[in-house]
Amino acid sequence: MVHVLRRACWCSLLILIPVHAGLLHAAEKSSAVLMVKDALTAPREPAAVEAKLLEPRLLNDAGLGGEPLELVIDGQVVATSMTGGDGRAVLGYTPKAPGVAPVLVKVGASPRVTPTEGQANLVVWERRHPIVVIEFAALVREPVQTGPLPAVGGMLQTEQEPMPDAAEELEKLTRFYYGVIYAVMPSTGGADGFQVSARVREWLNRHKFPPGYVMVLSAGDKTLGTKIDELHAAGWKTIRTGIGRTNAFAEAFLQRRLDAVLVTEPVQGGGPRKAKIARGWKEVRKKL
């Protein structure tokens, strides 16, 4: 009789163990944040869509490695990749038609991470398509306080308003002619390029700016000039004009014998000698 009871107890334990293990396994799934950068390419040329999967933490978010990501375009999974130890992954895709289209990256079947996704723009332009580079600071209304412009992260946290007529005039520029690259200097407050890109893109969408390629630069006076050289070397020869607010932005174009337009004249010392000055966005098209 005792032997029978022992067998019954062991059977009950064996039945209960899988149930409790399954519940524990489901509870162990963690939430994550997935951020994606814009990608630039030409029709029938490969694009590299960069994504980063992070686990939110109190001090510093941590990258989640070994997780499957899927690139979704027009409702179809067109590429897959695994995140590295830092949470980054690159998904390759070759588009056929020109245009600026939203793309979605999502976490695939994962035993550790809850379903999450992130969006960005896939920018596909013909090589002959004229391109204008816009300094993000030229789109944002000047803060009331004196001193340098605040960092990108700070501007977006306080919901900085756009410059008057900026969205409308830029939409006219891009409607039939220009493609637009938004050049952004990242915040020094700890946000990386993925975070800055996501915040800027959301701000541009909210204020109805035309879609384009958000290009986040690293810190440094010569970063923009180096990036212009890289884009020219990659075949984007139609980048000939920059529209900005700061002298450093204008100088990066003028030093390469390219056109530069400053929206509102800088307070200290005026703009560079060969820069064109537009006193507000209503005048920008006249300077191009």
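Me: Which residues of helix α5 (residues 223–233) are buried?

Reply: Please note at the outset that this is a predicted model. In helix α5, the buried residues are T223, L224, G225, I228, L231 and H232.

Me: What covers the buried residues of α5?

Reply: The cover includes the strands β2, β11 (179–184), β12 (213–216) and β13 (239–244), together with helix α6.

Me: Which residues does H232 touch, not counting residues up to four places away in sequence?

Reply: H232 touches K237, I239 and L258. With I239 there is also a polar pairing to examine: a polar atom of the H232 side chain lies 2.8 Å from the backbone oxygen of I239.

Me: Which residue just after α5 takes a positive phi?

Reply: That residue is G235, with a phi of about 105°. The general idea is that most residues other than glycine have a negative phi.

Me: Where does R44 lie, a residue other than glycine with a positive phi?

Reply: R44 lies in the loop between β2 (39–41) and β3 (47–55), and its phi is near 65°. R44 is exposed, with a relative accessible area of 58%.

Me: What is the phi of R257, and where does R257 lie?

Reply: The phi of R257 is near 55°, again a positive value in a residue other than glycine. R257 belongs to the loop between α6 (247–254) and β14 (259–263). R257 is exposed, at a relative accessible area of 83%.

Me: In which elements of the protein chain is confidence lowest and highest?

Reply: The general idea is that where pLDDT is low, the predicted coordinates should not be read in detail. Here, helix α2 (residues 152–157) has the lowest confidence, with a mean of 44, whereas β2 has the highest, at 98. For the protein chain, the mean pLDDT is 84, and 79% of residues reach 70 or more.

Technical notes
Residues numbered from 1 in each chain as written. Predicted model: local features only at pLDDT ≥ 70, side-chain atom pairs only at ≥ 80, totals over all residues. Heavy atoms only, no water. Helix = DSSP H or I, 4+ residues; strand = E, 2+ residues; numbered from the N terminus. Buried < 20%, exposed > 50% of the residue type's maximum accessible area, 1.4 Å probe, protein only. Contact = heavy atoms within 4.5 Å. Polar contact = N/O pair within 3.5 Å; in protein donor to acceptor, adjacent residues only side chain to side chain. pLDDT = per-residue confidence, 0-100.
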